[in-house]
Amino acid sequence: MIYWLLKHIVAGPILRSLFGPDIVGAEHLPKKKGAVIFASNHLSVIDSFLLPLVLRRRIYFLAKSEYFTGKGIKGTFVRWFFKSTGMLSIDRSGGKASEASLRTGLEVLNRGEWLGIYPEGTRSPDARLYRGRTGIARMILECERPVQVVPVVMVDAEKIMPIGAKRPKPGKVTIRFGEPLDFSRYHGMSGNRFVLRAITDEVMSEIAILSEQEYVDGYASSYKRAAAA
């Protein structure tokens with residue numbers, strides 16, 4: 001109920017009036033019930049708020065745990081807002097924490113619901129498209145039911161709210177959807193790291209074609225660490 005109110009009565013109308021996302025490829029959106037992963041590029045923190053506006057079903061996103069640990073009134077409000085809009089807290093520190101994040105995403109898919117994933121693992125630091133992490137492939141292959149994968153790209157979201165900005169500015173964002181991808185041919189091969197990489201690279205290739213971004217064959221997180229050092 002809270003999600004519906006935020007989307008249709010409170011935040012949704014405001015976001016539409018400010019950013020009015022144009023939609024390209026709406027015919028590729030799934031019409032049947034079932035597990036779906038929306039695999040997207042990641043240019044801005046507002047990506048996770050704009051995509052739900054154009055989808056008919058609720059979509060969940062995996063969000064870093066820092067968004068849920070703020071203090072005071074602001075921290076409480078942010079935590080409530082993120083939970084109400086379908087954000088699921090994950091720990092990105094690696095190891096067992098990454099495995100827990102994978103399981104959180106699988107719980108959503110095993111229920112036959114929609115999940116938004118950024119295969120790059122973090123926002124692009126320079127609007128280029130970086131190498132995908134194979135967690136998305138594991139979710140596809142370990143899900144208890146068939147999973148459709150819909151490539152989706154945000155265009156110009158980084159101009160609306162670049163990294164470091166405290167608030168977005170009005171502008172136009174375009175959301176493009178590609179044809180759903182089927183990886184059922186790899187069923188039962190979740191333990192094969194070459195298969196995981198092949199699936200991930202295919203997803204990233206479709207995102208690159210849709211977005212027309214320059215592709216970097218390296219991880220965005222590694223680039224950020226190197227730049228900071």
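User: What links R103, R138 and E142?
Analyst: R103, R138 and E142 are linked in a network of salt bridges. A salt bridge here is a side-chain nitrogen of Lys or Arg within 4 Å of a carboxyl oxygen of Asp or Glu. The model is a predicted one, in which local features need pLDDT of at least 70 and side-chain atom pairs count only at pLDDT 80 or more, while totals for chains, interfaces and linings use all residues. Residues are numbered from 1 along each chain as its sequence is written, and side-chain values use heavy atoms, with hydrogens and water left out.

User: How many salt bridges are found in the whole structure?
Analyst: The search finds ten.

User: Why is the pair K172 and D22 called a salt bridge?
Analyst: The side chains of K172 and D22 meet with N and O 3.9 Å apart. That value falls within the 4 Å limit, so the pair counts.

User: How far apart are the closest N and O atoms of D201 and R197, and where do the two residues lie?
Analyst: The closest N and O atoms are 3.0 Å apart, and the pair forms a salt bridge. D201 and R197 are four residues apart in helix α8, which means a separation of about one helical turn. D201 counts as partly exposed at 33%, whereas R197 is buried at 15%.

User: What joins R128 to D126?
Analyst: Their side chains meet in a salt bridge, at 3.0 Å from N to O. R128 is partly exposed at 22%, and D126 is partly exposed at 28%.

User: Where is E212, and what is its phi?
Analyst: E212 is in the loop between α8 and β9 (215–216). Its phi is positive at about 60°, although E212 is not a glycine. At 67% relative accessibility, E212 counts as exposed.

User: What makes the pair S211 and Q213 a polar contact?
Analyst: Their side chains come to 3.1 Å. A polar contact is a pair of N or O atoms within 3.5 Å; within protein, one must be able to donate a hydrogen and the other to accept it, and residues adjacent in sequence count only if both atoms are side-chain atoms. Not counting residues up to four places away in sequence, S211 touches N41, V153 and R176, where contact means heavy atoms within 4.5 Å.

User: Which residues touch the most other members of the largest nonpolar core?
Analyst: They are I37, M139, I140, V149, F183, I199 and V203, in a core of 32 residues. Among the elements that give two or more residues to this core are β2 (35–40), β5 (114–117) and α8 (193–211), and α8 gives the most, with eight. A nonpolar core is a set of buried Ala, Val, Leu, Ile, Met, Phe, Trp, Tyr and Cys residues joined through side-chain atoms within 4.5 Å.

User: What does V149 touch?
Analyst: Leaving out residues up to four places away in sequence, V149 touches I37, A39, I140, E179, P180, L181, F183 and V203.

User: How do you know that β2 and β5 pair?
Analyst: Two strands pair if DSSP finds at least two bridges between them. Four bridges join β2 to β5, and the strands run parallel. I117 in β5 is the bridge partner of A39.

User: Which way do the residues of β5 point?
Analyst: W114 and G116 point one way, L115 and I117 the other, and all are buried. In a regular strand the side chains alternate between the two faces of the sheet.

Conventions: Buried means under 20% relative accessible area, exposed over 50%, partly exposed in between (1.4 Å probe, protein chains only).
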